[in-house]
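Please keep the sequence and the model at hand while going through the numbered points.

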Amino acid sequence: MTNTKSSLTLLHSCTDMVAPARPQFVLFGSSIVQLSFGHGGWGAHLSDIYARKADIVLRGYYGWNSRRALQVLDQVFPKDAATQPSLVIVYFGGNDSMGPHLSGLGPHVPLHEYIENMRKILIHIQGLSERTRIIVLSCPPVNEEKVRGNTSGVLSELVRTNELCQSYSEACIKLCKELDVKVVDLFNALQKRDDWRNVCFTDGIHLAAEGSKIVVKEILNVVKEADWEPCLHWKSLSTEFAEDSPYDLVAADGKTTLNPSEWTFYREIQWD
């Protein structure tokens, strides 16, 4: 625990050293968060969309459940930090919803405890500052057939069912409505594609590029429609150091320059 605390303290101090200050968006969750910068992940997309507008900070922990999140909550989000995040995107639930192991070990957390853990997490983050906003991602579905086929001599059998995922997702959504917190219903959002089982996951559980695109679209929709002041949609945030310069690329007329600060043509998807 001491090493974890000292490492997080160093990271916070390093973040404070970077200037000028941009809004900070923190992605806090389990493996779907930790892996969000790989496989065309949703975290990488957000970093690209918000380039020069906001800093996307990754706090993802593979295999974690809501119990472990509570253990480090004060260290990841200290209330006395000099700078508080403008947005926190929270995801826990997939590991909590796994079937319990006979030994009592493993990530399973009973539904009622999971909800109380999430309540504590969200209330803590709400208390960071008046301008800290939250978006929760609910538990997504899984490709049960592929999960069952992922046998391993290293791990015990993984009990992941869509019945469990749905119950945790629905309970999480209900809690968010109670706390007036924005939430993305990932369980249903991914299933809007007829081929979701085959294209949304790398291993039946974790998100592939197509699954991540859905997550990004849903997050941007929430940010765009939210009645937040200031607005955190990427088109509403200023671009850092965006003034024209004689050092910009020279235009075809040979007399003027072209400012590339707002260019987005290089993106695979032109996000709204």
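1. A definition is needed at the outset: a residue counts as buried under 20% relative accessible area, as exposed over 50%, and as partly exposed in between. Arg52, with a relative accessible area of 29%, is therefore partly exposed. Please note also that the model is predicted.

2. Arg52 is located in the loop that joins helix 3 to strand 2 (55–60).

3. A positive phi, here about 55°, is found at His39, which is not a glycine either. His39 belongs to the loop between helix 2 (31–34) and helix 3. Is His39 buried or exposed? Its relative accessibility is 56%, and His39 therefore counts as exposed, the cut-off being over 50%.

4. Helix 3 (residues 42–49) also packs against helix 10. Two packed helices are described by the angle between their axes and the distance between the axes. For helix 3 and helix 10 the angle is about 50° and the axes are 8 Å apart. That angle makes helix 3 oblique to helix 10. The crossing of the two helices is right-handed.

5. Which residues form the contact between helix 3 and helix 10? On the side of helix 3 they are Trp42, His45, Leu46 and Ile49, and these meet Ser212, Lys213, Val215, Val216, Ile219 and Leu220 of helix 10. Sorted by class, the contact comprises seven nonpolar, two polar and one charged residues.

6. The next topic is charge pairing. Side chains of opposite charge can pair when their charged atoms come close. With a salt bridge taken as a side-chain nitrogen of Lys or Arg within 4 Å of a carboxyl oxygen of Asp or Glu, the model has 14 salt bridges. One network of salt bridges links Arg193, Asp195, Glu210, Lys213 and Glu268.

7. Arg119 takes part in two of the pairs described here. With Glu116 it forms a salt bridge at 3.4 Å, N to O. Glu116 and Arg119 are three residues apart in helix 5 (residues 111–126), and are therefore separated by about one helical turn. Glu116 is partly exposed, at 36% relative accessible area. Arg119 also forms a salt bridge with Glu178, at 2.6 Å, N to O. Because Glu178 lies in helix 7 (residues 162–179) and Arg119 in helix 5, this pair ties together parts that are 59 residues apart in sequence.

8. A further salt bridge joins Lys224 and Asp272, at 2.7 Å, N to O. Lys224 lies in helix 10 (residues 209–225) and Asp272 in the segment after strand 7 (257–258), so the pair connects parts 48 residues apart in sequence. Lys224 is partly exposed, with a relative accessible area of 44%, and Asp272 is partly exposed as well, at 46%.

9. Two loop positions remain. The peptide bond from Glu229 to Pro230 is cis, with omega near 5°, and Pro230 is placed in the loop between helix 10 and strand 6 (249–250). Ser129 lies in the loop between helix 5 and strand 4 (133–137) and is partly exposed, at 25% relative accessibility. Ser129 and Lys79 are 50 residues apart in sequence, and their C-alpha atoms are 8.4 Å apart in space.

Definitions and conventions:
Residues numbered from 1 in each chain as written. Predicted model: local features only at pLDDT ≥ 70, side-chain atom pairs only at ≥ 80, totals over all residues. Heavy atoms only, no water. Helix = DSSP H or I, 4+ residues; strand = E, 2+ residues; numbered from the N terminus. Buried < 20%, exposed > 50% of the residue type's maximum accessible area, 1.4 Å probe, protein only. Axes fitted to C-alpha atoms, helices over the stretch in contact; angles between N-to-C directions. Parallel < 35°, antiparallel > 145°, perpendicular 65-115°, else oblique. Left-handed = near helix turned anticlockwise from the far one by under 90°. Contact = heavy atoms within 4.5 Å. Nonpolar A, V, L, I, M, F, W, Y, C, P; charged D, E, K, R; others polar.
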